[in-house]
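Reader: Hi, I'm new to reading protein models, could you walk me through this one?
Author: Gladly, let us look at it together and take the topics one by one.

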Amino acid sequence: MNDGVTFKLNIDDYLLHALKEDITSEDVSTNAVMPSAVRGTAQLLAKEDGILCGLQVFERVFHLLDSGTVFETDFHDGDAVTSGTCVGTLTGDIRVLLSGERTALNYLQRMSGIATFTKGFADELRGTRTRLLDTRKTTPNMRPFEKYAVTVGGGYNHRYNLSDGVLLKDNHIGAAGSVRRAVAMARKYAPFVRKVEVEVETLEMVQEALDAGADIIMLDNMDTETMAEAVRMIGGRALTECSGNVTRERLREIAALGVDYVSSGALTHSAPILDLSLKNLKPLPSAQA
């Protein structure tokens, strides 16, 4: 998410939609107090400790309103920040700073919150072979931002969307009739370059997935003892993923079982925002935009 082409192809539409949601005809409050263009500055302040993510998105929101807006910062995505730190300074038409403030902060706070929350999970897995994955449990129309934030926090992305890979969950298996039949149908339909992952809930399903030749076996909502036996049964014949009831407190216990991946929807659906604020807005002396 660090070049102009990426923004124009993949990001700008999302940002413009968010801006249009917030400004349907005009910003009445801003136009009331700022009837003409005046250049000014404002500071981006951190109000709590965390990991920054989304600085380019924050800046891009203002650029879409006025390409002459300047955001100056020495920080980068992934940097740690402490409460009270001035992260950067915005300079531009005060009307633009006021009108874009909430949309820009919504993205930055949300993405930084996910990066911070993910880092807490990733730190628990440091020194193990188990990788932390996100899920598709993302906020509608926020997926590219939230999945990027997971990587900034030290996690990895599971499939991006339904077109990205084969994951046969309980309802797919129910529709097909069995694990074996679901895997066979996926093998026949999907391109050979795509791996087939199967969600299982019991040791009997583990064996059926192995016999069917699944590439990845997701151990869903298993207790520690059952999961340990499942990993032993699989014995490296398929990659293993643990999912369901994954809390930060359980991560090292899960990693000790030897699973390859652990996925958690909480990384995106339960992360609190990181509190950041745009403050100290003031006009530049005798400056007109």
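Reader: Which residue does K169 meet in a salt bridge?
Author: The side chain of K169 pairs with that of E199, at 2.9 Å from N to O, where a salt bridge is a side-chain nitrogen of Lys or Arg within 4 Å of a carboxyl oxygen of Asp or Glu. K169 sits in the loop between β7 (166–168) and α6 (170–176), while E199 is in strand β8 (residues 196–200), so the pair ties together parts that are 30 residues apart in sequence. Helices (H or I, at least four residues) and strands (E, at least two) are DSSP runs, numbered from the N terminus.

Reader: Before I go on, what sort of model is this?
Author: This is a predicted model, in which local features need pLDDT of at least 70 and side-chain atom pairs count only at pLDDT 80 or more, whereas totals for chains, interfaces and linings use all residues. Residues are numbered from 1 along each chain as its sequence is written, and side-chain values use heavy atoms, with hydrogens and water left out.

Reader: Back to that pair: is E199 buried or exposed?
Author: E199 counts as buried because its relative accessibility is 4%, and K169 is partly exposed, with a relative accessible area of 29%. Buried means under 20% relative accessible area, exposed over 50%, and partly exposed in between (1.4 Å probe, protein chains only).

Reader: And how many salt bridges are there?
Author: By this rule the count comes to 13 salt bridges. One of them joins E146 to R110, with the closest N and O atoms 3.1 Å apart; E146 is in helix α5 (residues 143–152) and R110 in helix α4 (residues 94–124), 36 residues apart. E146 is buried at 0% relative accessibility, and R110 is buried too, at 16%.

Reader: What about D220, where does it lie?
Author: D220 belongs to strand β9 (residues 216–220). It is buried yet has no salt bridge, the nearest side chain of opposite charge, K169, being 5.9 Å away; here Lys and Arg count as positive and Asp and Glu as negative, while His and the chain ends are not counted. Leaving aside neighbours within four places in sequence, D220 is in contact (heavy atoms within 4.5 Å) with residues including E199 and S243.

Reader: New topic, which residues of α9 does α8 meet?
Author: L203, V206, Q207 and L210 in α8 meet T226, E229, A230, M233 and I234 in α9.
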